[in-house]
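Here is a short report for a reader new to this structure. Look over the sequence and the model first, then read on.

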Amino acid sequence: MGCFGFLKTMMFLFNGIIFLAGAAILGVGIWVKVDSGSVLGVLQNIQGAPGELGQVLNVGYLLIAVGAVLVILGFLGCCGAIRESRCMLLLFFIIILIVFIAEVAGAIVLLVFKPLAENLIKQVGNEVVKSMKNEYGKNKDVTGLWNTTMTTLKCCGFNNYTDFTNSFYVNDTRSYPFQCCSKAPCTEITASNSTVPGCFLALKKLVDDNAVIIIAVALGIAALELAAMIVSMILYCRIGSKHG
């Protein structure tokens with residue numbers, strides 16, 4: 001029973017942290033979406049903050065989704081351990097297993113079908129470029145998202161500056177986004193002489209340069225997921241034998 005009690009306590013503490021973290025993320029996400037005016041006011045009052053910082057509102061839905069999943073997992077793990085509920089523990093195990101399988105499948109697809117994945121991304125990129133040509137400078141959300149991406153990654157367009165050629169933005173302003181040039185004004189000639197890479201290449205380089213860190217983090221997450229599944233299944237079996 002000593003080992004059983006220890007596993008119950010660890011399960012409760014571990015999932016309690018997950019629950020609190022999920023609740024915090026969920027709360028921030030809801031606040032960002034519901035009280036967007038206040039968020040913008042706070043961001044705009046930060047001295048020296050770039051204007052693109054206001055686009056943090058676009059991640060509100062992602063925060064809500066991630067926070068909700070973490071809250072559900074934390075609740076199932078905590079209550080399943082303390083109340084010795086086999087149903088909750090089994091549901092917790094199934095959710096973690098689904099996430100784990102999805103991560104493994106994704107990693108296998110990226111490794112085995114990497115050339116195919118790159119071609120698929122390029123095909124998606126063609127649609128992204130079409131959207132950029134039509135919506136950049138017209139749609140506030142699309143414009144803000146691309147401004148944030150290009151400023152953060154120090155890139156221009158999906159492929160390069162030519163993605164903006166004959167676009168709504170260029171036809172309307174007679175200039176290219178300032179991120180596409182190393183000096184102003186950013187005209188087609190200036191952009192063509194610039195060495196600013198496309199965002200796809202910049203993102204690929206960022207991933208390649210940090211591959212070791214990404215792999216280490218992924219392995220760490222996978223180890224935690226395996227540990228959570230093992231502990232939940234041990235508790236599930238012990239509770240079954242205890243009440244059997």
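A228 is buried, with a relative accessible area of 8%. Buried means under 20% relative accessible area, exposed over 50%, and partly exposed in between, with a 1.4 Å probe and protein chains only. The model is predicted: local features need pLDDT of at least 70, side-chain atom pairs count only at pLDDT 80 or more, and totals for chains, interfaces and linings use all residues. Residues are numbered from 1 along each chain as its sequence is written, and side-chain values use heavy atoms, with hydrogens and water left out.

A228 sits in helix α10. Helices are DSSP runs of H or I with at least four residues, numbered from the N terminus. Leaving out residues up to four places away in sequence, A228 touches F14 and F92. Contact means heavy atoms within 4.5 Å. A228 and I96 are 132 residues apart along the chain, yet their C-alpha atoms are separated by 7.9 Å.

Helix α1 covers residues 2–34, 33 residues in total. From first C-alpha to last, α1 reaches 47 Å, close to the 48 Å expected at 1.5 Å a residue. That expected span is 1.5 Å times one less than the number of residues. The buried residues of α1 are F4, L7, K8, M11, N15, G16, G22, G29 and V32.

Helix α4 has 27 residues. It reaches 38 Å between its end C-alpha atoms, close to the expected 39 Å. L89, F92, F93, I96 and F100 are buried in α4.

## Nonpolar cores

How many residues does the largest nonpolar core have? It has 20, and W146, M150, F164 and C180 have the most contacts inside it. Helices α5 (114–135), α6 (140–153) and α9 (199–209) each supply at least two residues of this core. A second, separate core has 17 residues, including L73, F92, A228 and M229. A nonpolar core is a set of buried Ala, Val, Leu, Ile, Met, Phe, Trp, Tyr and Cys residues joined through side-chain atoms within 4.5 Å.

What does W146 contact beyond its neighbours within four places in sequence? The partners are V128, M132, Y136, G157, F158 and C199.

## The second largest pocket

The second largest pocket has a volume of about 310 Å³. A pocket is an open set of points on a 1 Å grid over the protein atoms alone, where a 1.4 Å probe fits, with protein on both sides within 12 Å along at least five of seven lines; lining residues have an atom within 4 Å of a point. The volume is the space filled by probe spheres set on the points, which are joined across faces, edges and corners.

This pocket is lined by 13 residues. I18, L70, L73, I221 and E225 lie nearest its centre. Helices α1, α3 (60–82), α4 (86–112) and α10 (211–243) each supply at least two lining residues. The lining divides into 12 nonpolar, no polar and 1 charged. Ala, Val, Leu, Ile, Met, Phe, Trp, Tyr, Cys and Pro count as nonpolar, Asp, Glu, Lys and Arg as charged, and the others, Gly among them, as polar.

## Backbone details in the loops

A cis peptide bond joins A184 and P185, with omega about -5°. P185 is found in the loop between α7 (168–173) and α8 (188–192).

K154 lies in the loop between α6 and α7. Its phi is near 55°, a positive value in a residue other than glycine. K154 is exposed, at 64% relative accessible area. N166 is also found in the loop between α6 and α7. N166 has a positive phi of about 60° although it is not a glycine. At 63% relative accessibility, N166 counts as exposed.
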